[in-house]
Amino acid sequence: MDLAPHLIDHALVLFGLPETVTADIRIEREQAIVDDSFDLTLHYAGGLRALLRATMLAPVTRPRFILHGTGGAYVKHAFDVQEPRLRAGRNPWNEIPSEAEQEANSGILTLVNAEGTVTLQERIPSAPSDYRSYYANVRDVLLGTATPLVTVEHALNVMRVLELARESSARQCTVPWPR
């Protein structure tokens, strides 16, 4: 219930509602009392799969995003420059990202032709972002001066995926999206 909602949100924004959900939710740390690891697969029409994973035991971080398709792939190891700055106790909004930060937070797009030969490999920089804009929107919605950037329907769909994931894991099966 910590990292999963964010990953589910990304998948729903990118791919929409899944047809089915499969999950393995578990406790991996000794003496832990809440789940700390999961593998979650959102199944879509046409064979598309969104595989979401997280664990508290990863000593080495894995890529944040990996997208594979028939025409290539996109791999991004970091999320954006705000997160490492916040973890380091720095204010991420008072500094322009350095060239090294931009490089570390970029993704790599690789395109291939029909034969599988790489035709392009390009670094794609992260778009500028500011976490504070979300909270400013919540404030403005409460003041009646804005509409929510995240709709109630979208938030409920994220919660629905969480519930289906718990059901899938408990029953050890794939469960359908309620229609």
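**Salt bridges around Arg-26**

I looked up the side chains of Asp-39 and Arg-26 and found that they meet in a salt bridge at 2.8 Å, N to O, where a salt bridge is taken as a side-chain nitrogen of Lys or Arg within 4 Å of a carboxyl oxygen of Asp or Glu. Asp-39 lies in strand β2 and Arg-26 in strand β1 (residues 20-26), so the pair ties together parts that are 13 residues apart in sequence; helices (H or I, at least four residues) and strands (E, at least two) are DSSP runs, numbered from the N terminus.

I note that this is a predicted model, in which local features need pLDDT of at least 70 and side-chain atom pairs count only at pLDDT 80 or more, while totals for chains, interfaces and linings use all residues. Residues are numbered from 1 along each chain as its sequence is written, and side-chain values use heavy atoms, with hydrogens and water left out.

I then checked Asp-24, which forms a salt bridge with Arg-26, the closest N and O atoms being 3.1 Å apart. Arg-26 counts as partly exposed at 23% relative accessibility, and Asp-24 also counts as partly exposed, at 37%; the classes are buried under 20% relative accessible area, exposed over 50%, and partly exposed in between, with a 1.4 Å probe and protein chains only. I recorded a network of salt bridges that links Asp-24, Arg-26, Glu-28, Asp-39 and Arg-53, and a search of the whole structure gave 10 salt bridges.

**Thr-41**

I followed strand β2 (residues 37-43) to Thr-41, which counts as buried because its relative accessibility is 17%. Leaving out residues up to four places away in sequence, I found that Thr-41 touches Thr-20, Val-21, Thr-22, Arg-49, Ala-50 and Leu-51, a contact being heavy atoms within 4.5 Å.

I looked up Glu-103 and found a salt bridge with Arg-123, the closest N and O atoms being 3.3 Å apart. This pair links distant parts of the chain, with Glu-103 in helix α3 and Arg-123 in strand β7 (residues 118-124), 20 residues apart. Glu-103 is partly exposed, with a relative accessible area of 44%, and Arg-123 counts as partly exposed at 37%.

I also located Ser-106 in the loop between α3 and β6 (107-112), and listed Ser-106 as buried because its relative accessible area is 8%. Its contacts, not counting residues up to four places away in sequence, are Lys-76, Arg-123, Ile-124, Pro-125 and Ser-126.

**Second largest pocket**

I noted about 280 Å³ of space in the second largest pocket. Of the 16 residues that line this pocket, the closest to its centre are Val-81, Pro-97, Ala-127, Pro-128 and Ser-129, and the elements that give two or more residues to the lining are α2 (82-87) and α3 (99-104). On a 1 Å grid over the protein atoms alone, a pocket is an open set of points where a 1.4 Å probe fits, with protein on both sides within 12 Å along at least five of seven lines, and lining residues have an atom within 4 Å of a point.

**Val-150**

I placed Val-150 in the loop between α4 (132-143) and α5 (152-171), and it is partly exposed, with a relative accessible area of 37%.

Key
Grid points are joined across faces, edges and corners, and a volume is the space filled by probe spheres set on the points.
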